[in-house]
Amino acid sequence: MTNNVFSPFTLPNGNQIKNRVAKAAMEENMGSAERLPNQALFNLYKQWADGGVGLLITGNVMVDRFAMTGPGGIALERDTDLTLFKQWAKTAQANDTKVWMQINHPGRQVYKNMGGKVLAPSAVNMNMGKLSGMFGQPKAMSEAEIDDVIERFVTTATLAQQAGFDGVEVHAAHGYLLSQFLSPLTNKRTDKWGGSLENRARLLLTIVEKIREKCGQQFDLAVKLNSADFQRGGFDAKDAAQVVNMLAKYQLDMVELSGGSYESPALQGRTADDSTLSREAYFLDFSAQIAKNSPVPIMTTGGIRRLPVANKVIDSGIDMVGIGGALSFTPNLVNVWQQRPEFVGPVPEIDWQHKTFRGLAIMAIVKRQLRRLGAGKSAKPALNPYLTMLIDQVRQTKLTKRYRNQLKL
Ligand SMILES: Cc1cc2nc3c(=O)[nH]c(=O)nc-3n(C[C@H](O)[C@H](O)[C@H](O)COP(=O)(O)O)c2cc1C
């Protein structure tokens with residue numbers, strides 16, 4: 001019998017996921033002032049766990065509270081109390097659902113008004129035209145800072161394991177720190193952390209190796225990687241295929257392929273040169289190519305909202321499909337598909353030409369929707385994008401103030 005979206009999947013470590021659909025990581029920006037999970041987040045994850053997905057990957061959790069992708073995020077560090085993290089894991093595991101914590105360091109993608117650390121492989125500023133000034137000035141990391149980041153990823157993974165999560169996904173995509181090390185455009189180092197692809201991948205590989213050592217084989221370990229940055233001279237599909245092979249050595253359980261960064265927001269379907277990719281499963285071609293030769297299971301994420309497309313992805317040899325936007329408007333999408341295979345998950349339809357604003361509007365609408373679910377309200381895909389961006393800005397400003405006050409930045 002051939003596999004489809006509803007078939008279980010056995011990871012290389014022997015652990016089983018009940019079907020092939022994962023809720024992709026979506027930063028909720030709903031954490032408490034102390035950067036901890038809270039009731040709204042539990043409500044949200046309960047709906048997803050009840051809704052039929054096999055695997056929940058949390059929104060990115062920071063390994064350092066002084067380097068955050070957003071002011072309402074969650075951080076998990078050596079001294080963090082695990083009580084609420086245990087509750088988060090337990091809630092997400094209802095219905096035999098597996099939950100992985102995505103762990104991340106933003107590197108240079110830190111908003112200037114937040115303060116804190118802006119670290120990067122090299123002091124290369126963000127290049128987003130008029131929006132570049134929104135980001136802090138990055139500092140090239142010292143050897144001691146690199147050691148500290150490695151230690152932090154391993155500590156956060158260990159604590160996630162203690163809290164009861166089934167695994168972690170190391171975020172090495174979307175232009176964050178590990179992806180900055182992988183790209184020759186942002187990594188200009190001449191030491192063992194830069195230059196050849198092997199050197200640029202060293203930080204990611206070291207982190208993966210140490211997490212494996214510390215957490216053991218039974219703790220699921222995945223990496224989210226860009227199939228390409230979609231920037232000339234950047235990390236490309238050939239590099240991605242090689243990094244997947246390098247990762248295989250550590251008996252990784254999954255590589256999730258995505259694409260783009262803040263500078264080239266392809267993760268929502270358009271690249272820096274604005275060539276439109278196929279509207280659904282836009283990383284499918286890259287991922288199918290990589291999956292063909294990959295010793296590691298592959299998941300692809302981006303644009304999936306119909307069952308036949310999801311099944312086509314599985315048919316092409318990819319092991320799992322990741323879904324973000326569509327699962328925020330229909331948290332029980334998998335259950336719905338069981339009853340109504342023709343159902344198309346609604347997502348925000350925004351046709352703005354300006355790719356950055358379009359991306360920001362989609363993010364703002366999805367985040368507003370996640371907050372609605374957290375507050376027990378129903379789905380509403382047709383939220384006004386202008387109003388939602390305004391609400392997002394006001395909220396972001398308030399949270400930034402709260403963040404800075406709390407950390408005395
Ligand atoms: C509001 C929002 C937050 C996101 N946060 C994260 C994140 O924390 N980590 C991550 O790897 N990807 C993040 N993404 C990207 C998604 O995981 C996914 O790759 C992307 O939305 C494309 O999938 P989709 O078309 O199914 O939404 C986020 C996307 C959205 C819309």
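# Exercises on a predicted model

In this predicted model, D64, R65, E77, K117, D148 and R152 are joined in a network of salt bridges. The structure holds 15 salt bridges. Side chains of opposite charge can pair when their charged atoms come close.

## Exercise 1. A salt bridge within a helix

Task: How far apart are the closest N and O atoms of D50 and K46, and what separates D50 and K46 along helix α1?

Solution. 
Step 1. D50 and K46 form a salt bridge in which the closest N and O atoms are 2.6 Å apart. The cut-off for a salt bridge is a side-chain nitrogen of Lys or Arg within 4 Å of a carboxyl oxygen of Asp or Glu.
Step 2. Helix α1 covers residues 39-50, and D50 and K46 are four residues apart in it, so about one helical turn separates them.
Step 3. D50 has a relative accessible area of 35% and is partly exposed. K46, at 38% relative accessibility, also counts as partly exposed.

## Exercise 2. Two salt bridges with an arginine

Task: For the salt bridge of D191 and R189, is R189 buried or exposed? For the salt bridge of E349 and R305, which parts does the pair tie together?

Solution. 
Step 1. The side chains of D191 and R189 meet in a salt bridge with an N to O distance of 2.8 Å.
Step 2. R189 has a relative accessible area of 13%, and is buried. D191 is partly exposed, at 28% relative accessibility.
Step 3. In the other pair, the closest N and O atoms of E349 and R305 are 3.4 Å apart in a salt bridge. E349 is in the loop between α11 (333-339) and α12, while R305 is in the loop between β13 (298-301) and α9 (307-315); the pair therefore ties together parts that are 44 residues apart in sequence.
Step 4. E349 counts as exposed, at 54% relative accessibility. R305 is buried, with a relative accessible area of 16%.

## Exercise 3. The ligand and its shell

Task: How many residues surround the ligand, and how do the residues of the shell divide into nonpolar, polar and charged?

Solution. 
Step 1. The ligand is surrounded by 21 residues, and the closest are A25, E27, Q102, G303 and G325.
Step 2. The shell divides into eight nonpolar, 10 polar and three charged residues. Helix α12 (residues 355-374) gives the most to this shell, with three residues.
Step 3. A polar backbone atom of A25 is 2.6 Å from an oxygen atom of the ligand. For G325, a backbone N or O atom lies 2.7 Å from a ligand oxygen atom.
Step 4. A side chain also takes part: an N or O atom in the side chain of K224 is 2.9 Å from an oxygen atom of the ligand.
Step 5. On its own the ligand has 610 Å² of accessible area, and the protein covers 93% of this.

## Exercise 4. Positive phi values

Task: What is the phi of N29, and where does H174 lie?

Solution. 
Step 1. Most residues other than glycine have a negative phi.
Step 2. N29, which is not a glycine, has a positive phi near 55°. N29 is placed in the loop between β3 (21-23) and α1, and counts as buried at 3% relative accessibility.
Step 3. H174 also is not a glycine and has a positive phi of about 55°. The loop between β10 (167-172) and α4 holds H174, which is buried at 9% relative accessibility.

## Exercise 5. A nonpolar surface patch

Task: Which residues make the nonpolar surface patch of about 340 Å²?

Solution. 
Step 1. The patch is made by L387, L390, I391 and V394.
Step 2. L387 is found in helix α13 (residues 385-407). At 43% relative accessibility, L387 is partly exposed.

How values were computed: Residues are numbered from 1 along each chain as its sequence is written. This is a predicted model: local features need pLDDT of at least 70, side-chain atom pairs count only at pLDDT 80 or more; totals for chains, interfaces and linings use all residues. Side-chain values use heavy atoms; hydrogens and water are left out. A residue is near a molecule or strand if one of its heavy atoms lies within 4 Å of it. A polar contact is a pair of N or O atoms within 3.5 Å; within protein, one must be able to donate a hydrogen and the other to accept it, and residues adjacent in sequence count only if both atoms are side-chain atoms. Accessible areas come from the Shrake-Rupley method with a 1.4 Å probe; for residues, only the protein chains shown count as cover. Helices (H or I, at least four residues) and strands (E, at least two) are DSSP runs, numbered from the N terminus. Ala, Val, Leu, Ile, Met, Phe, Trp, Tyr, Cys and Pro count as nonpolar, Asp, Glu, Lys and Arg as charged, and the others, Gly among them, as polar. Patches are made of residues with over 30% relative accessible area and no salt bridge: like charges are joined within 9 Å, nonpolar side chains (Val, Leu, Ile, Met, Phe, Trp, Tyr) within 5 Å. Buried means under 20% relative accessible area, exposed over 50%, partly exposed in between (1.4 Å probe, protein chains only).
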